[in-house]
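Please read these notes with the model open beside you.

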Amino acid sequence: MTGLQTDILIVGAGFNGVYQLHKLRKAGFSVKLFEAGSGLGGVWYWNRYPGARVDSDFALYQLSMEELWRDWNWTEKFPGRQELVEYFKYVDEKLDLSRDISFNTRVTSASFDTTTNRWSVFTDTGVTVNPRFMVLCTGVATKPLFPVIPGLDTFQVIVHHTSSWPEDGFDMTGKRVGVIGTGASGVQVIQEAGLVVAHLTVFQRTPNTAVAMMNECPISVAMQTKMKEDIYPILFKRREQTFTGFHYDYLPPGKFYDMSPEERYLFLDDLWTKGGFRYWFGMFEDIFYDQRVNDEVYAFWRKKVLERVQDPDMQRKLAPEKPRHPFGVKRVSLEQWYHEVFNQPNVDLIDINENPIVEITPKGVKTQDGMVHELDVLVLATGFDAITGSISQIGIKGVNGVAIGDMWKQSGLLTYLGMTVTGYPNMFFPYGPHGPTAFCNGPTCAVSFFTTKSPIIKKSKVTGSSTVSPISANITALALTQRRKPHRPGSSA
């Protein structure tokens, strides 16, 4: 063992990473953080594509420490990527985080040494560290997925995945742009591209049931000052009490049809008008249990979309009469003028269920009808190997020498409470499988994870315990319990 000795190594400098670093240092541990990028922010460091924007209200999407929020003011209700980058710089200055962070340092592999009860962690810079504990704050969406399409490597112009957009930006003005994918990133890119491109071709597999963001810009300093004196502390406590980490929550099931048709319409309209995820996370839970309720919620959503889309064929593709899936079971996105983009004469929408992509040619995308959609730029908004990919891509070997990705493939995806795995002692992950993860507000999850994990690490230090690892039987019993128990909508348990 020749690496740097430290109590705890944190991997990743997003909300979770910086919060764990600050709190664990204050608890008296020696802590080091490795970050692959050259700055703080996690997903907000890497997501540089046009239109990248948070989908949580500004007051909730920040760390809840008064020493931070007291002197910081936002400019938009739903801040854009650049403002979040500036926020992380502010947090760094306030908390003096960088002194314990190694930037441009990607963890490539790690293995647990049972003779020393420490991890050996290796990086692409040649630096090795031997922490007692390893905390993987690697995020939910860090390993991009590239579509398997014949000829993708033959395209002779420009290809960008939304997760690896050029750091200096890329101007799409006056270009013929194709976008494959209509998830959250796709929606945001399409909105911005529609404003400036010569022609836009969108390749859609599944219509996005995006709801209205209702962004406000600018938001006044005077309003935020008042909120800090009154409502901020309440909001931060409230977000820890709800399923998703917002200040609103699902309503109990069984009550939707207690309302009259008029009352139901006004209820749905109020959720829509207020914006954000209220039309998803502020809904009655019945949408996940009662098909009639789900149908009515979808019908209202569809009505709102059809009011904004002019062409009948575009209406059919964007908001089909029969939904491709029940509303809310796939992640809902927020949009601002997404649907209006498809009213433009220079925008085509290709439903790849009706007209599949056959191959990528040197000049563009060829579809089954034989047409080659010639492009100057191809944008891949094809998402990520989410939840597990950011962990399994590192090559982490436990006490049996098996990489965690291989173990999950062989034994199934098992964790204990969504934060640790048997056979990989002294390793925690706050934003991985079986945790709130994709269904939780990120800063809220950071606080929740620290509250759960830190007593375990502290106790091990006091008692002199050399390792902390769940018993395999406990994981199996918990998994069986979760499989038998009805779970809340959207839960990954």
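The points below go through these topics in turn.

1. Basis. This is a predicted model, where local features need pLDDT of at least 70, side-chain atom pairs count only at pLDDT 80 or more, and totals for chains, interfaces and linings use all residues. Numbering runs from 1 along each chain as its sequence is written, and side-chain values use heavy atoms, without hydrogens and water.

2. Aromatic pairs. The structure holds 36 of them (rings of Phe, Tyr and the six-membered ring of Trp, centres within 6.5 Å; planes under 30 degrees apart are stacked, over 60 edge-to-face, the rest tilted). Phe15 and Tyr87 form a tilted pair, because their centres are 6.2 Å apart and their planes stand at 40°. Phe15 lies in helix 1 (residues 15-26) and Tyr87 in helix 4 (residues 81-95), 72 residues apart (helices are DSSP runs of H or I, at least four residues; strands are runs of E, at least two).

3. Burial. Phe15 has 6% relative accessibility and counts as buried (under 20% relative accessible area, 1.4 Å probe, protein chains only). Tyr87, at 1%, is buried too. Both belong to one aromatic cluster, which includes Trp44, Tyr61 and Trp72.

4. Helix 5. Among the buried residues of helix 5 (residues 184-196) are Val187, Val189 and Ile190. The buried residues of helix 5 pack against strands 8, 9, 11 and 16 and helix 12 (contact: heavy atoms within 4.5 Å).

5. Strand 13 is joined to strand 14 (residues 364-367) by 3 bridges. Ile357 stands opposite Thr367.

Conventions. Buried means under 20% relative accessible area, exposed over 50%, partly exposed in between (1.4 Å probe, protein chains only). Two strands pair if DSSP finds at least two bridges between them.
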